[in-house]
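Trainee: I'd like to learn how to read a helix and a chain interface. Can we go through one together?

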Amino acid sequence: MVFSSLLFLFRFFPAAFLLYYLTPRRLKNFVLLLLSLVFYAWGEPRYVAIMFLSIAIDYTAGRGIEWFRARGGKAGPRLCLAFSLCGNLGLLAFFKYSNFILENFSAVTGLPVTPLAVTLPLGISFYTFQTLSYTIDVYRGNVPAEHNLIDFGAFVCLFPQLIAGPIVKYSDINRELKRRTLSLSQVESGAATFLLGLGSKVLLANNAGMLWDDVQAIGFDRISAPLAWLGAAAFGLQIYFDFSGYSLMAIGLGRMLGFEFPQNFNFPYTAKSVAEFWRRWHMTLSSWFREYVYIPLGGNRHGTARTVRNLFLVWAATGLWHGASWNFLFWGLFFFVFLVLEKWAFPGFAEKHPAASRLFLLFLLLLSWMLFAIPDLSALASYYQAMFSLRFSADILYYLRNYGAVLALAAVFATPGPRMLWERLRLPGKGALRVLGLAAVLAASTAYLVDATYNPFLYFRF
Amino acid sequence: MRKWLRCPAALLLFAFAGLFCLWDAAAPDRAFSDLENRYLAQPPDFSLRSFLDGSFCPDYEEYLDDQFVLRDSWISLKAASETALGKQENNGVVAGEDGYLFDKRLALDAEQLEKNTAALSAFLAGYEGDASVMIVPSSYQVLQDKVPAGLPNVDQAAGIASLYDSLDHAVLIDACAALEPHAEEEIYYRTDHHWTTLGAYYGYEAYCLARGLEPVALESLTPHEVPDFYGTYYSRAKLRSARSDTIVYYDVPVLSMEADLESYPGLYWESQWQRRDKYAAFLYGNHGLTVIRSAREAQGEPKRLLVFKDSFANCLAPFLTANYDEITVIDLRYFQMSVQDYLDAHSFDDVLILYNYLNFADDTALYRLNR
């Protein structure tokens, strides 16, 4: 189930929250677990088993680490950690990467290989990372092992962040799992956040995405150079509002349940450098990789060569996390290259020339998004060719006329401008205006969902 | 209550979702949507098996979407919002000048088009004598002045030309050339994807010219007008501001018309003129096999024509009764017999293949020509 659907908004949401609010406190986690399972099982019930497997692996590993540690010795906890790593990464490797590996094995060796009939279980990239963070944190002694299987299950399955993040670490919400208070102001802020996320997704992302779909339909050898750039910009805005909108909806719903999830996006398109962009884009993923991969590898504390190697590994992994194909690997390494250049070839450039740096970053990001969006490398080459060609035609006129307003609106909302303006605004009846605005977003989103011909989720299959 | 008033966003969200949930659940299901001109999804049967194999859920969501309370109003709200954002398009239909709606077709399924071209080419090679082929462009191709600037639609004139280039043993009728001089006349509907009866007449004229026949003069026929026609483009774009079309049809008496073995009193389904889908009045909609016996005076040996067609031919066929004694119309999408057996069992003086270019490119039944 996805949040931006009539099914969620007008069936699951009212029923689930009514039930949750009426449930006495000591049963709330149990009800939450059940609701989350219904949410997850809708449409693809068989993959619930894989999630149960992941829960079982990490619950056992956590308890095991605690048990061995109480009896002294290092081998026991290590074994448990290895068990969890192998289990989770094994699930991920099997369901997400096996066909990619097989295909390339066959391409290199020339041996015929039949692809496995596996489809990616919903949200597996997200929940395996969440459960891994738990076991690693228990191993490091940062958090105590969870004894209550229902609480642990509720953490893993928690429906707001289950299928598309943010990647919530166990240590982010372990206290709230045990004891959380729910104030009206929290519910209020959660509802507003949810509505903003819904609008981002349904009104901005979907509409920007329609332009990108058209560009793909027209064909990369037929589009004019200006339309190629507009198409890349549309995709950049689509993926931002799609994903940040989903995160906002998750954060809002979490807050309405009494959980505070970490922020996932902080106006990434206003960054001045690639490094800053990644501190603002999918923040929970970058911090996960920093905390559980980059720093354990030694980070930047062992000289330049080791640092470059570590960066390379982290960015290759980040790329592959987004999908099992070469273009995602290249996409990750694209950022690796520019991070290295920023750090060692042009240190301090961004601070000295903020405006030029911002523009250059946007240019890089548009190139990177096409690398992300077009898995077929020869099609990608023809897209870049279109971007840097001198092909002009009237197609741009049509798309500016039809999508100019939506893209401009989206571009404005991708900056902190509207929010700052709103906060500075002094005006009587501001509260009423806010509610009217949110009501308009809700009504318009419902209208677009009812007459939906286009409503994909880009991060849905990651 | 005062406490809740301090939480207006939460109140808004819960009240909106809760009330519409209850209202939607209580509202009766509709069978048909006049606005969209289609049947709406009905509640799927729940079974544990259909739930577990994943087939229940998408059906249920489709049902929920189709039957959502105030559906038509939500659709209109979306259309209004699209217009407010400066969009000329909604759901793949583009609004042009003068109240015209057009198809937005950025690409064709190249594979299907190739298959269909090959099927037609094989049929023509196998047919003794020269069949006629008329591929009709859609409105955006002919009424280019009315199409929004820069819309990168598929070039149908070029597409038809390249299709014709690959066909042998056929009389190829250039419908583009026949229609273009009349671009200022009412040759296409504003709200529907078909050509008008007048557009079809120009196509008929071109056919007669190519075949050396004498076309019936339009002035010699008695016209009738049916106003308030809202066609398929309207159903997709759902712009309430759209202007309705007027359908014109001419009195054409026939001896008999038989469609799929049932007899009809004439060429037009009189009661359908009053319904929403008025174009379906021509030849009583699409049937696999229709046989028309014309009322024209006998002139020696009866002349017989066979037409393979899509719905574009339905409003053209009446004119052909002036030139043929018997017209057999086959719509391959609904024709269950073997075409080759049928050809062996019946004899025809002429064969006409008449399709709209987009329909020809998209059609998945053309392979039946050679079956």
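Trainee: Is α5(A) mostly covered or open, and how many of its residues are buried?
Mentor: Helices (H or I, at least four residues) and strands (E, at least two) are DSSP runs, numbered from the N terminus. A residue is buried if 20 or more other C-beta atoms lie within 10 Å of its own, exposed if 12 or fewer, and partly exposed in between, with C-beta atoms placed from the backbone. Here α5(A) is mostly covered, with 16 of its 17 residues buried. Mind that this is a predicted model: local features need pLDDT of at least 70, side-chain atom pairs count only at pLDDT 80 or more, and totals for chains, interfaces and linings use all residues. Residues are numbered from 1 along each chain as its sequence is written, while chains are lettered from A and ligands numbered from 1 in the order in which they are written.

Trainee: What span does α5 of chain A reach?
Mentor: The expected span is 1.5 Å times one less than the number of residues. Helix α5 of chain A, residues 124–140, reaches 24 Å from its first C-alpha to its last, close to the 24 Å expected. Just after α5(A), A:G141 takes a positive phi of about 80°.

Trainee: How many residues of chain B are in contact with chain A?
Mentor: Contact means C-beta atoms, placed from the backbone, within 7 Å. By that rule, 41 residues of chain B are in contact with 45 residues of chain A. On the chain B side, α2(B) gives the most, with 11 residues.

Definitions and conventions:
Two residues are in contact if their C-beta atoms, placed from the backbone, lie within 7 Å.
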